[in-house]
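Please look over the model shown here before reading on.

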Amino acid sequence: MRIAHAPSQLDRRPRAVAIGTFDGVHRGHRSVLRAAIESGLEPTVITLDPHPRIVLGNRVELLTTLERRLELLGEAGVTGTLVAAFTPEFMRLSPEQFVETYLRAIGTEAVAVGADFRFGSKRAGSVETLAELGLTVLDVEEIEGVSSTAIRDAVRDGELAAAAQMLGRPFELDGLVVAGDQRGGTLGYPTANVAMDAQLVCPRYGIYAGEALDHRAAISIGTNPHYGGTERRIEPFLLDFEGDLYGRRLVVELWERLRDEAVFDSEEALVAQIARDVEATRSAVRPI
C-alpha cells in the first residue's frame, strides 16, 4: 500500500475514497472500506492524524497507533492511504476547499463514508454536500452496535470477547520492548517489557492469555503489586520462545482475562501461580 502525506504524493486516477479517522479499523470501518474496494475504482483512504478530538482538547484513548492503523488498512485491501494532518489550517477548509484539495486533486470519483460523516470548517459539510459537489456517494452497510467508543469501554473492563467481536479480530497491545527489572528471568519466566504509547487504551489490570510473534503469551498488565510496584508495566511471557526482543516492536493479541493481580505469601507461591497461568494460556481460545 502506498502511504502519502500530501495529495501531491498520490497520482491522479479514478479513485473511490473512504474518509475517516479509522481508529481501530473495526468492523464498522471495514464496511466503509469494503464499499470503496468493491466499487471497481482504486480503493484509497484519507485518514486523519492526530485524532481530531485530541486536537480539540479532548482526552481520547486510542485503539491503535498510526503505524498499526496503516498496516490494518493495507491488510483490508486498500492500495493507497493519504494521512491528512489535522491542523488548524485543515480545520479552516470549507467543504468545497476540502473536496478540491483532497479529493479532486487525486482523481476521486466516489466516496465511502459513514451516514453521520461531517467535514469542513464548523462541520458544515455532509454526505449531501458530497453529492451536490458531483461525487458519487457509495452505499455503506451499517454495522449495528459497533463503535470505537464501545470497544474502548469493553477493553477497559477486560471484556476481550466483546471487543474482539466489534473489532473483527482480537484486541492488540502495540509497543517497543525496553529494558525492565529482569525479575521474570530469575523466576524462570523471562518477560518482555513493552513500552506502550500513553495515548493508547489500556485494559483493566490483571493477567491475560494471548499471542505475540506466533507464540502464545501470558501477559501481566499492571504494577506488580507483589513487589510493591507503582508504575504500569505490560509484560508478556512468550511460551516456547527463545531470542532477544530488546528494541523490537511487539504487537500482542489479548485473548482472555485470566485473573486479577495479586500479592502472594511467598515467591514460591507466585511462581506456582505463574505456572498455572502458563497452563491456562496454553488452553486459551482465540476469540475470533
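This is a predicted model: local features need pLDDT of at least 70, side-chain atom pairs count only at pLDDT 80 or more; totals for chains, interfaces and linings use all residues.

1. Residues are numbered from 1 along each chain as its sequence is written, and side-chain values use heavy atoms, with hydrogens and water left out.

2. The largest pocket holds about 1,400 Å³ of space. On a 1 Å grid over the protein atoms alone, a pocket is an open set of points with protein on both sides within 12 Å along at least five of seven lines, a cavity is a set where a 1.4 Å probe fits but cannot get out, and lining residues have an atom within 4 Å of a point. Grid points are joined across faces, edges and corners, and a volume is the space filled by probe spheres set on the points.

3. Of the 44 residues that line the largest pocket, Gly 20, Thr 21, Asp 116, Phe 117 and Arg 118 lie nearest its centre. Among the elements that each supply at least two lining residues are strand E2 (15-20), helix H1 (27-37) and strand E3 (42-49); helices (H or I, at least four residues) and strands (E, at least two) are DSSP runs, numbered from the N terminus. By class, this lining has 22 nonpolar, 12 polar and 10 charged residues, where Ala, Val, Leu, Ile, Met, Phe, Trp, Tyr, Cys and Pro count as nonpolar, Asp, Glu, Lys and Arg as charged, and the others, Gly among them, as polar.

4. The axes of helix H7 (residues 148-156) and helix H8 (residues 160-167) come within 8 Å and cross at roughly 155°, which makes H7 roughly antiparallel to H8 (over 145 degrees). Axes are lines fitted to C-alpha atoms, for helices over the stretch in contact, and angles run from 0 to 180 degrees between N-to-C directions. Ala 150, Ile 151, Ala 154 and Val 155 in H7 meet Ala 162, Ala 163, Met 166 and Leu 167 in H8 (heavy atoms within 4.5 Å). This contact has 8 nonpolar, no polar and no charged residues.

How values were computed. Angles under 35 degrees count as roughly parallel, over 145 as roughly antiparallel, 65 to 115 as roughly perpendicular and the rest as oblique.
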